[in-house]
Amino acid sequence: MSLRQRDYILRMIEQLAEAIGRIAGLRRAGELAEAHRVLRETADGLFGPMRDMLDRVDAAGAATLLGDHEKIGAYAALCAEQAAILEAQGRGAQAAAERLRALELHLEAVRRAPEDNPRAREGARALLGQVDVTRLPDRYRALAAELG
């Protein structure tokens, strides 16, 4: 990876951390529509026109489109926050599906990282207790068990 690509990814991670903090704060304050708006703007800003496609394909497809494990982890973090917003809106089934997707994406980031990826592992571990792992596709179960 070139230095320019690495710098872009580091800026993306910083922007994401700031946005997730803002989104979580809005969610906790009960400002769910605003939290969702900020989440969508953040995703659009990070992933551009690819974002709609990311939402339509499975986790493995999204990971392939994103390529870099850091980008996959960023998308996973946004999916996890989307799940929290859905849960706060009382949309439990949709929240569970989005949480499962976030876990699959974190596992893809772990699997695709050329070196140990503590951020992806931490993200996956945070979701393991919130997801029915029997619903994970077979390709993710062994890795989830290893992390759990």
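Good morning. Let me begin with a definition: a helix axis here is a line fitted to the C-alpha atoms over the stretch in contact, and the angle between two axes is taken between their N-to-C directions, from 0 to 180 degrees. The model before you is a predicted one.

With that definition, consider helices α7 and α8. Their axes come within 10 Å and cross at roughly 90°. Angles of 65 to 115 degrees count as roughly perpendicular, and α7 and α8 are therefore roughly perpendicular to each other. Where do α7 and α8 meet? On the α7 side the residues are R121, A124, R125 and L128, and on the α8 side they are A144, E146 and L147. By class, this contact of α7 with α8 has four nonpolar and three charged residues, and no polar ones.

Let us stay with α7, which spans residues 118-128. Its buried residues are A120, R121, G123, A124, L127 and L128. These residues lie on the same side of α7, because they cover an arc of only 165° around the axis. As a general point, an α-helix has 3.6 residues a turn, so residues three or four places apart point the same way. The face of α7 turned away from the buried side carries the exposed residues P118 and E122. Over the buried residues of α7, the cover includes α5 (69-88), α6 (92-112) and α8 (138-147).

I turn now to α5 and its packing with α1. The axes of α1 and α5 are 10 Å apart, at an angle of about 5°. That angle makes α1 roughly parallel to α5. Among the residues making this contact are Y8, M12 and L16 of α1, together with A74, L78 and I85 of α5. By class, the contact of α1 with α5 has 14 nonpolar and five charged residues, with no polar ones.

Helix α5 also holds Q82. Is Q82 buried or exposed? Q82 is buried, because its relative accessible area is 14%, and the limit for a buried residue is under 20%. Leaving aside neighbours within four places in sequence, Q82 is in contact with H36, L39 and E98.

Finally, the core. The largest nonpolar core has 43 residues, and those with the most contacts inside it are F47, Y75, L103, L105 and L107. Helices α1, α2, α4, α5, α6, α7 and α8 each supply at least two residues of this core. Taking L105 as an example, its contacts beyond four places in sequence are A59, A62, I72, Y75, A76 and C79. Thank you.

Conventions: Residues are numbered from 1 along each chain as its sequence is written. This is a predicted model: local features need pLDDT of at least 70, side-chain atom pairs count only at pLDDT 80 or more; totals for chains, interfaces and linings use all residues. Side-chain values use heavy atoms; hydrogens and water are left out. Buried means under 20% relative accessible area, exposed over 50%, partly exposed in between (1.4 Å probe, protein chains only). Helices (H or I, at least four residues) and strands (E, at least two) are DSSP runs, numbered from the N terminus. The arc is that of the directions from the helix axis to the C-beta atoms. Contact means heavy atoms within 4.5 Å. Angles under 35 degrees count as roughly parallel, over 145 as roughly antiparallel, 65 to 115 as roughly perpendicular and the rest as oblique. Ala, Val, Leu, Ile, Met, Phe, Trp, Tyr, Cys and Pro count as nonpolar, Asp, Glu, Lys and Arg as charged, and the others, Gly among them, as polar. A nonpolar core is a set of buried Ala, Val, Leu, Ile, Met, Phe, Trp, Tyr and Cys residues joined through side-chain atoms within 4.5 Å.
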